[in-house]
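Dear colleague,

Please find below the structure I wished to pass on to you. My notes on it come after the display.

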Amino acid sequence: MSTDLPDVSGLSIGILGGTGDQGKGLARRFALAGHTVLIGSRSPERAQEAAGSIGPAARGADNATVAAEADVVIVAVPWDGHRATLESLRAELAGKIVVDCVNPLGFDKQGAYALPVEEGSAAQQAAAVLPGSRVVAAFHHVSAVLLLDPEVEEIDLDVLVLGDDREATDTVQALAGRIPGVRGVYGGRLRNAHQVEALTANLISVNRRYKAHAGIRLTDV
């Protein structure tokens, strides 16, 4: 696999919805990798509390401040607030790489299942709402439990990175590789994000059956 990816070590990373386990876990790993991390929330107090639990490389603020200040912004908000959050931040996110890791899932007695999305996927919804941003889909299958566990030094995982802007997907692949053990792999155009988001439901089923924190590895690349 080509290693011709950009140097992203100096980029600051904003995480919208950074007070949830997924967002906070990613924030923790990027802070450990030496990045300045900005945690966003509707509540600045909650964001500051989450940042305090990570350390001096992280700071918390409201979502708009984080969206405006960070070089790259990861969207880790709950699905039911996805569209409204992004619509409210259209100006702040203009021109930026926006990484959507939201999985539109429902849960019932049979477990997790993928929800239909009018635009096709959460990432495509983000692209429709943010026409001035460079939307990339990635980080869907990363276990929050492993991200947050201080005993876990490396995470055995390939992150599928999808998007229509080659420079943006290269940047996000390189960012994925900043987490020890993780590799970013180009996974196609944004129109193919649906099945990547939906696959999370299958992984949840795997994890429940085998009491695991399963991820994905791709062969022969």
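Predicted model: local features only at pLDDT ≥ 70, side-chain atom pairs only at ≥ 80, totals over all residues.

Residues are numbered from 1 along each chain as its sequence is written, and side-chain values use heavy atoms, with hydrogens and water left out.

Helices (H or I, at least four residues) and strands (E, at least two) are DSSP runs, numbered from the N terminus. Beyond its neighbours within four places in sequence, V159 is in contact (heavy atoms within 4.5 Å) with A138, F139, V142, A176, V182, R183, G184 and V185.

Helix α8 is largely enclosed by the rest of the structure, because nine of its eleven residues are buried. Here buried means under 20% relative accessible area, exposed over 50%, and partly exposed in between (1.4 Å probe, protein chains only). The buried residues of α8 are A168, T169, D170, T171, V172, Q173, A174, L175 and A176. At the start of α8, the backbone nitrogen of E167 has a side-chain oxygen of D165 within 3.1 Å.

As for strand pairing (at least two DSSP bridges between two strands), β5 (residues 97-100) and β8 (residues 134-137) are parallel and share four bridges. Within this pair, V98 has V135 of β8 as its bridge partner. Strand β8 also runs antiparallel to β9 (residues 157-163), with two bridges, and A137 stands opposite L162 of β9.

An unreviewed UniProt entry annotates residues 13-104 as "domain: Pyrroline-5-carboxylate reductase catalytic N-terminal"; its positions are given in the numbering used here, its feature names are shortened, and such annotations may be inferred rather than shown by experiment. This span is 45% helix and 24% strand, and its end C-alpha atoms lie 23 Å apart.

Finally, S41 lies in strand β2 (residues 37-41). S41 counts as buried because its relative accessibility is 6%. Setting aside neighbours within four places in sequence, S41 is in contact with T19, R46, A47, A61, D62 and N63.

With kind regards

Key:
Polar contact = N/O pair within 3.5 Å; in protein donor to acceptor, adjacent residues only side chain to side chain.
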